[in-house]
Amino acid sequence: GNHVLSPGESVGKGLTPEAAKDLGLPEGIAVAASLIDAHAGGLGVIGADVKGHNLPCENQPITSRVAMICGTSSCHMGVSETPIFVPGVWGPYFSAMVPGLWLNEGGQSATGKLIDHVVRGHVSFPELQSKAAASAHSIYTYLNSHLDLIKKSLPVGFLTVDLHVWPDFHGNRSPLTDLTLKGMVVGLTLSRGLDELALIYLATIQAIALGTRHILETMQAAGHHINTLFLCGGLSKNPLFVQMHADITGKPVVLSKEVESVLVGAAILGACASGDFASIQVCS
């Protein structure tokens, strides 16, 4: 076919009788032109109302924002009124996320998966599991608390002054675009305890945040003007992950009250296709 629809436009005559029967929904109910999952998350969070919070993006167009969808991997969504070509960053794609705007999409191939890999592969992981279970906390909540215990007088981030991770265990998607890159850890000692597990966990999160900073700096050098990060996805529920991104990028981080931003984006599409809202911009 050659009939192109923008996200949120109504497709055909709505749900077919066969599909309606299978899904248990009314025949003819509106069906929206869809989005990639990460794009739906970006749509669900990037237009959030932030009035009254004294953020640099307040009263600024959404082109001043980046939506970061962070889970197993991470995507960094930035929009612009004119096409911007960013080395190592996908796009620009017209109307791919927000109709009428160009989308650039940076990404990290392994983020949540990398943290999980590093933590679960450590010799002290069984000890972590048992102590977290005994305290009725997740392993990551326990690790965050443990870091607070050992940080002494300096902020948590300074604990890894002698420990550094290169996070491209699964290659680099943006902005280096090199699938042959591998991971690296510098500063290991012979210590094998829970303190060392907590430190390499922290260093891994910092490495991911530094990767985000590299992507943002590359986007800004190409012409984007970004001043605020909007995070969603599983990793955005980890306060340490959020704090390290704020500290390392030097930008404020906004978290949506509705944690399932991908579902919000999908709902926005449906609300437009049904005719309840005239456009994605109005709905979001």
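**View 1. A salt bridge between Lys 237 and Glu 260 in the predicted model**. In this predicted model, Lys 237 and Glu 260 form a salt bridge in which the closest N and O atoms are 3.8 Å apart. Because Lys 237 belongs to the loop between β7 (228-232) and α7 (239-249), while Glu 260 belongs to the loop between β8 (253-255) and α8 (261-273), the pair ties together parts that are 23 residues apart in sequence. Lys 237 counts as exposed, with a relative accessibility of 51%, whereas Glu 260, at 38%, counts as partly exposed.

**View 2. A salt bridge between Arg 213 and Glu 217 within helix α6**. The side chains of Arg 213 and Glu 217 meet with an N to O distance of 2.9 Å, and about one helical turn separates these two residues, because they are four residues apart in helix α6 (residues 194-222). Arg 213 is partly exposed, with a relative accessible area of 37%, and Glu 217 is also partly exposed, at 40%.

**View 3. A salt bridge between Asp 116 and Arg 120 within helix α3**. Here the side chains of Asp 116 and Arg 120 meet at 2.8 Å, N to O, and both residues lie in helix α3 (residues 112-120), four residues apart, or about one turn of the helix. Asp 116 counts as partly exposed at 25% relative accessibility, as does Arg 120 at 44%.

**View 4. The largest pocket and its lining**. The largest pocket holds about 320 Å³ of space and is lined by 15 residues, with Leu 163, Gly 187, Leu 188, Thr 189 and Glu 196 lying nearest its centre. Sorted by class, this lining has seven nonpolar, five polar and three charged residues.

Conventions
Residues are numbered from 1 along each chain as its sequence is written. This is a predicted model: local features need pLDDT of at least 70, side-chain atom pairs count only at pLDDT 80 or more; totals for chains, interfaces and linings use all residues. Side-chain values use heavy atoms; hydrogens and water are left out. On a 1 Å grid over the protein atoms alone, a cavity is a set of points where a 1.4 Å probe fits but cannot get out, and a pocket is an open set with protein on both sides within 12 Å along at least five of seven lines; lining residues have an atom within 4 Å of a point. Grid points are joined across faces, edges and corners, and a volume is the space filled by probe spheres set on the points. Ala, Val, Leu, Ile, Met, Phe, Trp, Tyr, Cys and Pro count as nonpolar, Asp, Glu, Lys and Arg as charged, and the others, Gly among them, as polar. A salt bridge is a side-chain nitrogen of Lys or Arg within 4 Å of a carboxyl oxygen of Asp or Glu. Buried means under 20% relative accessible area, exposed over 50%, partly exposed in between (1.4 Å probe, protein chains only).
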